[in-house]
Amino acid sequence: MSGSRVVIVGAGHAGGTAAALLRQYGYEGAITLIGDEPIPPYQRPPLSKAWLKGEADADSLALKPIEFYAEAGIDFRPSVTVTALDRGAKTVALSDGASLVYDHLILATGARAIALPIEGKDLAGILFLRTAADAEALKAQVGPGKTLVVVGGGYIGLEVAASGRALGAAVTVVEREARLLARVACEQLSDFFQARHEAEGVGFVLGATVTGFEGADGRVSGVRLDDGRLLACDAVVVGVGAAPNDELAKSAGLECARGVVVDLDARSVTDPAVFAIGDVACRPMPIYDRMFRMESVPNALEQAKQAASAITGRPRPAGECPWQWSDQYDVKLQIAGYAFEVDQIITRGDPASGRFALFHLQGDRVQAVEAINSPPEFMMGKTLILNRTPVDKAKLANPSISMKEVAA
Ligand SMILES: Cc1cc2nc3c(=O)[nH]c(=O)nc-3n(C[C@H](O)[C@H](O)[C@H](O)COP(=O)(O)OP(=O)(O)OC[C@H]3O[C@@H](n4cnc5c(N)ncnc54)[C@H](O)[C@@H]3O)c2cc1C
């Protein structure tokens, strides 16, 4: 394989990991890692948490120190965008005018924050949170005496709200649905987080749609709601979800379904020379017998492993249980699995104690677990989900019976 070349488009968590794994797995050909951001691959989760609070810097976010890439023989090209893909010629065109031939192409272009197409959307002070540059811009806007409106009560919006409060800003979250986390969590968890944030002084406006932004001297000064109310503010963070960066794939004729459709090796179902990994991929998840796109670090790592294994001829890695986490104040939420077609939710532990877990069941199988400050429930829950192990519901609901015994 020494005369071959892998080109990786997107130097984020998935792309950076795939480059390192290819070398670790013994790939001897050329590896080119192209990213449109100016810095080497870094972790995004701290952007809404430690970074915003000034507890992390660029070095601590980096997946690997910059020297790693040259030492590992990885041709890392920052601040360069891949502008076109020609699958027939097996080439990609770059924004600096260069063109590269590949044997294998890995699309790791991630996702981007969705903007609101409403009046005033281009005013200064309306911010998103996807990149380190976004986080830096936001950090300058939050602090004592500042008023922040967060549009969207999902995980990123709530993490920003928690960090904003920690920095002394007044924070109001506006959510279109009647409850927080409506798309991703059950009602009990929504209520828990709402109460926790209210105790920290966060204000909520639920069931309200933002219809426009008002400004003064080109800068946002208020958020207009559909009931006519105007929320005065110094800055706005829009956290209403992300869309996959799959335009390159679509224009090259690769099958996409809100993400590039891939198989269990992370290989495009249209072209065996092309892989797609991380937030941009729509992938099979055999434990749920369906295809979907995930936005999480564990997913980016798992798919980087799949692609690097397939390219280097290693056996396909064992399937993993999907998981993710969110940190807000002293609350560590760990989520395993997805709550598809659930007919019962079992609460283990007392929510008032701040330590409990919600098990989402289909019959006697665990589909998902949301564990609040409860690592054993999360860890064992992952195993139960992955192995499709039937559980005794009475034991599961009884926190005095250990999770080890529940799983036995
Ligand atoms: C604020 C925030 C908090 C998060 N918190 C958590 C968390 O707590 N837990 C968790 O599991 N996950 C979390 N996530 C999600 C997690 O960070 C993502 O799932 C992960 O980064 C996905 O990795 P990726 O490589 O697919 O995409 P990304 O990390 O987004 O990397 C894609 C890269 O490709 C670049 N790119 C796109 N198109 C091109 C092109 N044409 N040419 C060159 N470069 C291109 C992009 O600019 C980007 O740099 C969080 C995300 C954000 C934004």
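Start with the open sheet of three strands, which are ordered β4-β5-β6 and pair antiparallel. Strands here are DSSP runs of E of at least two residues and helices are runs of H or I of at least four, numbered from the N terminus; two strands pair if DSSP finds at least two bridges between them. Select 82-86 for β4 and 99-101 for β6: these are the edge strands, each pairing on one side only. From one strand to the next the twist averages 20 degrees, with axes fitted to C-alpha atoms and angles running from 0 to 180 degrees between N-to-C directions.

Now pick β5, residues 91-94, which three bridges join to the antiparallel β6. Thr-91 has Val-101 of β6 as its bridge partner.

A word on the model: it is predicted, local features need pLDDT of at least 70, side-chain atom pairs count only at pLDDT 80 or more, and totals for chains, interfaces and linings use all residues. Residues are numbered from 1 along each chain as its sequence is written.

Next, colour by domain: domain 1 (5-112 + 243-312), domain 2 (115-240) and domain 3 (330-407), with bounds from an automatic or database domain assignment. The C-alpha centres of domain 1 and domain 2 are 30 Å apart. Where they meet, 12 residues of domain 1 contact 13 of domain 2 (C-beta atoms, placed from the backbone, within 7 Å).

Last stop: Gly-26, in the loop between α1 (13-24) and β2 (30-34).

Methods: Two residues are in contact if their C-beta atoms, placed from the backbone, lie within 7 Å.
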